[in-house]
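Me: I have a structure here that I have not looked at before. Can we go through a few parts of it?

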Amino acid sequence: MDYSVADAHCDFLYYMLHRGYDISAPRHGQAVDIQGMQAGGAAMQLFAAWIDPDEDTTFLQQCMSLIDAYKRMLAGCDKLVELTKDFVPGQGKIAAVLTIEGGEAIEERLENLRLFHELGVRAMTLTWNDQNELASPAMARRDKGISRLGRSVVREMERLNMAVDVAHLSDISIDGVFEEISGPVFSSHTNARSVLAHRRSLCDRHIKEISRRGGVVGVNYYSPQLVHRGRAGIDDIVRHIEHIAAVGGINCVALGSDFDGMGLDAYPVGLTSWNDVPKLMHALERAGFKQDDIRKIACDNLMGFMKKLV
């Protein structure tokens with residue numbers, strides 16, 4: 001059967017800004033485009049404003065340029081609408097949600113965070129892969145955890161009803177987030193460390209705590225976080241989904257592809273764009289998931305979480 005699908009992370013905006021990606025007229029290798037999304041059953045896509053540490057432009061200006069790209073994308077495509085509480089999948093529109101990947105964007109100022117929220121940002125990771133003034137990333141050589149400023153930031157995010165995205169955070173930093181706020185958090189694009197030992201993936205106790213708080217874990221499609229070597233297959237994604245469902249319950253599992261955030265050779269074989277997403281749904285059916293549970297994994301869990309933020 002056909003399923004509505006919600007996706008918690010893509011990097012389309014960066015490539016729209018820097019390489020001329022067009023949501024309505026895709027280039028070779030582009031994973032996110034309207035026609036493909038429609039073919040893949042897209043109901044909602046979270047669009048991340050990724051802050052590139054190697055850019056010469058200031059972090060704040062980078063983020064503003066990416067938000068401008070998001071606004072231009074919406075204005076130029078009538079199939080995309082901003083998510084609202086009363087949005088219903090399957091009526092010819094795809095909900096778009098703006099997020100930030102990399103807390104550097106706020107340049108250590110809470111007023112910037114508040115203004116980003118006013119501009120429509122509904123979630124933010126504290127870091128990408130590099131250490132910053134807010135917290136340590138999973139890939140850091142030394143895990144310093146979350147800073148005093150980082151704690152102030154997550155408290156303000158909770159007050160604003162902006163979701164803290166713990167993807168890319170170190171274990172100690174995630175612990176610090178849990179210590180500081182009581183509300184739900186989520187992880188937009190990450191996998192299960194018990195299935196494949198990768199620092200960017202979540203340990204079981206963090207999966208359990210995210211679930212306990214009503215959050216979701218978006219499983220990504222990045223082969224190095226799915227398998228030890230080479231390209232993953234679609235069934236490898238299913239293995240991570242099965243584990244997260246077993247540890248945190250079926251209501252905490254979601255999808256967070258990381259589309260347009262990796263080279264073509266890093267995608268699983270047979271799953272390189274939105275066009276291929278129905279293959280994952282079929283793989284879940286073959287794995288024995290009930291249709292109601294596939295609906296939760298594919299869309300309902302993530303959409304329910306995000307609707308609390310709009």
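Me: Which residue in strand 5 does T99 stand opposite?
Reply: T99 stands opposite A123 in strand 5. One thing to keep in mind is that this model is predicted.

Me: In what sense do strand 4 and strand 5 pair, and over how many bridges?
Reply: Strand 4, residues 94–101, pairs with strand 5 in the parallel sense, over four bridges.

Me: Through which helix does the chain cross from strand 4 to strand 5?
Reply: Through helix 4, residues 110–118. This β-α-β crossover is right-handed.

Me: How many residues of strand 5 are buried?
Reply: Five of the five, so the strand, residues 121–125, is mostly covered.

Me: And strand 6, over how many bridges does strand 5 pair with that one?
Reply: Over three bridges, in the parallel sense; strand 6 covers residues 163–165. M124 has V164 in strand 6 as its bridge partner. Between these two strands the chain passes through helix 5, residues 148–160, and this β-α-β crossover is right-handed.

Me: New topic. Where is S201?
Reply: S201 is in the loop between helix 6, residues 171–180, and helix 7, residues 204–212.

Me: Is S201 buried or exposed?
Reply: S201 is buried, because its relative accessible area is 2% and buried means under 20%.

Me: Which residues is S201 in contact with, leaving aside neighbours within four places in sequence?
Reply: The contacts of S201 are T190, N191, A192, R193, L196 and Q225.

Terms used
Residues numbered from 1 in each chain as written. Predicted model: local features only at pLDDT ≥ 70, side-chain atom pairs only at ≥ 80, totals over all residues. Heavy atoms only, no water. Buried < 20%, exposed > 50% of the residue type's maximum accessible area, 1.4 Å probe, protein only. Pairing = 2+ DSSP bridges. Right-handed = clockwise from strand over helix to strand, strands pointing away. Contact = heavy atoms within 4.5 Å.
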